[in-house]
Amino acid sequence: MKFSLISPTFDRPEEVREFIASAAAQSYDRSDFEVLLADGTPKDGLRSTVETTSNASGLPVVFLHEDYLPVSDARNLAAHHAQGDYLIFLDSDCLLPADYLQQVATGLEVHGWDAFGGPDAAPADFSPLQKAISFSMTSFWTTGGIRGGTRRTATYYPRGFNMGMKRAVFDAVGGYDGNFKTGEDIDLSIRIQQAGYRVGLIPGAVVWHKRRSTLKQFFKQVRRFGSARWALAQRHNGQLKATHLFPVFLTLGTIGSMLLETLGTFPWVGLFLFYFMMPSLLAGMQYRSPRIGFLAVASTVVMMFGYGIGFLEAMLGGGLHKKRG
């Protein structure tokens with residue numbers, strides 16, 4: 001078997017149904033890939049949904065369960081049971097286009113990567129808010145392309161929503177580190193790079209990422225991302241760059257400039273406001289929707305402030321970036 005598709009799950013039955021259905025719709029030979037779900041839903045509450053969906057789609061699913069199973073432990077558990085030569089880790093809120101595995105296979109044939117990743121995006125049928133959040137998370141204006149939206153990044157680190165590697169590479173570096181509550185995927189990517197393996201982006205291996213459905217949920221997510229970045233910087237030398245500090249600068253700069261503006265002593269507050277207003281134009285043009293452009297302003301503000309706050313909390317000794325002492 002060539003590919004093992006692995007996803008951690010925790011409740012969200014509709015999300016899991018859609019994930020399995022998208023895997024079942026792959027144009028790739030079914031005999032050459034498998035799906036494994038490692039679940040932490042209390043009282044095994046997701047099993048019936050998985051079994052029903054698996055039977056309806058005709059796609060066998062390996063289902064592993066342990067109450068409140070943490071994300072890193074879930075991925076490691078599934079990897080232990082996987083049969084594929086390549087392990088592909090995905091988030092359960094992702095949908096796979098029908099040619100996803102074929103795109104991966106083609107990319108590996110061309111480049112022979114030891115580990116790889118692909119971009120995430122929002123298809124036409126996603127909600128306006130989901131598209132706005134997708135813009136904030138993937139556009140060069142907001143993230144500089146560090147999630148695989150561009151090939152211009154100096155070093156590419158695949159992320160857990162869409163990352164794969166040879167089984168031998170996963171075993172050699174020891175899999176996911178359970179000490180990371182968030183950022184465990186980037187930590188794994190860094191360790192793979194440091195071990196000297198060839199890592200690259202497969203641009204055509206896109207997943208449709210549903211992300212969070214409300215701005216409140218999105219804020220909680222990016223706050224954890226900010227906290228994780230500080231933890232990564234502490235563990236890996238050279239992992240704190242200007243792009244990672246940009247949201248912190250924006251958060252402090254915007255708040256500080258607005259406070260000083262009330263005193264009439266900081267005339268450049270407009271520069272910060274200009275940055276946050278640009279998504280209305282860029283996202284509006286990308287999706288041909290003024291509404292999505294307006295929502296992209298809100299999602300970009302939430303993303304930058306949430307990340308910045310999470311980073312500062314962790315730097316000052318708080319945050320939620322580690323789950324074990």
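Colleague: What does D114 form a salt bridge with?
Modeller: D114 pairs with K166, and their closest N and O atoms are 3.1 Å apart. A salt bridge here is a side-chain nitrogen of Lys or Arg within 4 Å of a carboxyl oxygen of Asp or Glu. This is a predicted model, in which local features need pLDDT of at least 70, side-chain atom pairs count only at pLDDT 80 or more, and totals for chains, interfaces and linings use all residues. Residues are numbered from 1 along each chain as its sequence is written, and side-chain values use heavy atoms, with hydrogens and water left out.

Colleague: D114, buried or exposed?
Modeller: D114 is buried, at a relative accessible area of 13%, while K166 is partly exposed at 28%. Buried means under 20% relative accessible area, exposed over 50%, and partly exposed in between (1.4 Å probe, protein chains only).

Colleague: And R75, which side chain does that meet?
Modeller: R75 meets E184 in a salt bridge, 2.6 Å from N to O. That pair links distant parts of the chain, 109 residues apart, with R75 in helix α3 and E184 in helix α8. Helices are DSSP runs of H or I, at least four residues, and strands are runs of E, at least two, numbered from the N terminus. R75 is buried at 3% relative accessibility, and E184 is buried at 7%.

Colleague: How many salt bridges by this rule?
Modeller: Twelve.

Colleague: What about R17?
Modeller: R17 bridges to E14, with the closest N and O atoms 2.8 Å apart. Both lie in helix α1, three residues apart, about one turn of the helix.
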